[in-house]
Amino acid sequence: MQKKLLAVGVGVVDMLVKPMDSLDFETDAHTIDSFVMSSGGDTMNVTCNVTRLGQKVDMLGVVGTDSFGKYLMNRLTEVGADNSRMIVREGSTAVSLVMINSHADRTFYGTKNTVTRTLTLDMIDLDMLDNYDFLLYNTVYSIPTLLDDDMATLFRTAKEKGLVTATDTGWDRS
């Protein structure tokens, strides 16, 4: 039986703009080579990439009821990941403007106050962990509502159920 990964964290819609070597507010309109909408966020990226490698992956996170949330849900389905653990809440999904210069350096401008960052322990059915072999929680500081004791409870429960656990803390930008 193939092992299964539960990836917990955020999905973001990335708006990739390139090249963006400078910002000029003196001119009212500019042209660029590329403007692309893509799925992003560490957990969404891991889910899509590991699924493409043939691993069974379910993603657990929160998206809004807006078109961006629908886009991320559809993206998970497109790559073959299971989105049935995703939680859809009234509100907006996180979006990042990703500005990429001609040297491929990038910087992100992300939306605040989205439902994407509202996952809490009481939204997670801990008994469902019995269905998984691995638990990955990406960029823990992206979800301030699932830190400290709640995060410890999630990992402790996963370990008690025999899951291999991993995390990527990311940066605390608060």
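1. Basis. The model is predicted: local features need pLDDT of at least 70, side-chain atom pairs count only at pLDDT 80 or more, and totals for chains, interfaces and linings use all residues. Residues are numbered from 1 along each chain as its sequence is written, and side-chain values use heavy atoms, with hydrogens and water left out.

2. Overall make-up. The protein has 3 helices and 10 strands. Helices (H or I, at least four residues) and strands (E, at least two) are DSSP runs, numbered from the N terminus. Read from the N terminus, the order of elements is β-β-β-α-β-β-α-β-β-β-β-α-β.

3. Size. Along the principal axes, the C-alpha atoms of the protein fill a box of roughly 60 × 35 × 30 Å. Of the 174 residues, 41% are buried. Here buried means under 20% relative accessible area, exposed over 50%, and partly exposed in between (1.4 Å probe, protein chains only).

4. The parallel sheet. Strands S4, S1, S9 and S10 form an open sheet of 4 strands in the order S4-S1-S9-S10, with parallel pairing. Its edge strands are S4 (56-60) and S10 (164-168), each of which pairs on one side only. From one strand to the next the twist averages 20 degrees. Two strands count as paired if DSSP finds at least two bridges between them.

5. S1 against S4. Strand S1 (residues 4-8) pairs with S4 in the parallel sense over 5 bridges. Lys-4 stands opposite Lys-56 in S4, and Leu-6 has Asp-58 of S4 as its bridge partner. S4 is an edge strand, yet 4 of its 5 residues are buried.

6. The mixed sheet. A further open sheet has 4 strands in the order S3-S2-S7-S8, and its pairing is mixed. S3 and S8 are the edge strands, each pairing on one side only. The twist from one strand to the next averages 25 degrees. S7 and S8 pair in the antiparallel sense over 5 bridges; in S8, Arg-106 is the bridge partner of Ile-100.

7. The structure holds 3 salt bridges, a salt bridge being a side-chain nitrogen of Lys or Arg within 4 Å of a carboxyl oxygen of Asp or Glu. One joins Lys-4 and Asp-58, with the closest N and O atoms 3.4 Å apart. Lys-4 lies in strand S1 and Asp-58 in strand S4, so the pair ties together parts that are 54 residues apart in sequence. Lys-4 counts as partly exposed, because its relative accessibility is 23%. Asp-58, at 3%, counts as buried.

8. Glu-78 forms a salt bridge with Arg-75, the closest N and O atoms being 3.3 Å apart. Both residues lie in helix H2 (residues 67-79), 3 residues apart, about one turn of the helix. Glu-78 is exposed, with a relative accessible area of 60%.

9. Salt bridge between loops. The side chains of Asp-130 and Lys-161 meet in a salt bridge at 3.0 Å, N to O. Asp-130 lies in the loop between strand S8 (106-110) and strand S9 (134-138), and Lys-161 in the loop between helix H3 (148-160) and S10, so this pair ties together parts 31 residues apart in sequence. Asp-130 is exposed at 53%, whereas Lys-161 is partly exposed at 31%.

10. Nonpolar surface. Leu-23, Phe-25, Ile-32, Phe-35, Leu-97 and Tyr-109 make a nonpolar surface patch of about 660 Å². Patches are made of residues with over 30% relative accessible area and no salt bridge; like charges are joined within 9 Å, nonpolar side chains (Val, Leu, Ile, Met, Phe, Trp, Tyr) within 5 Å. Accessible areas come from the Shrake-Rupley method with a 1.4 Å probe; for residues, only the protein chains shown count as cover. Phe-25 sits in the loop between strand S2 (12-18) and strand S3 (34-40) and counts as exposed at 72% relative accessibility.

11. Gly-91. This residue lies in the loop between strand S6 (87-89) and strand S7 (95-100). Gly-91 is partly exposed, with a relative accessible area of 28%. Gly-91 and Thr-51 are 40 residues apart in sequence and 28 Å apart in space, C-alpha to C-alpha.

How values were computed
Axes fitted to C-alpha atoms, helices over the stretch in contact; angles between N-to-C directions.
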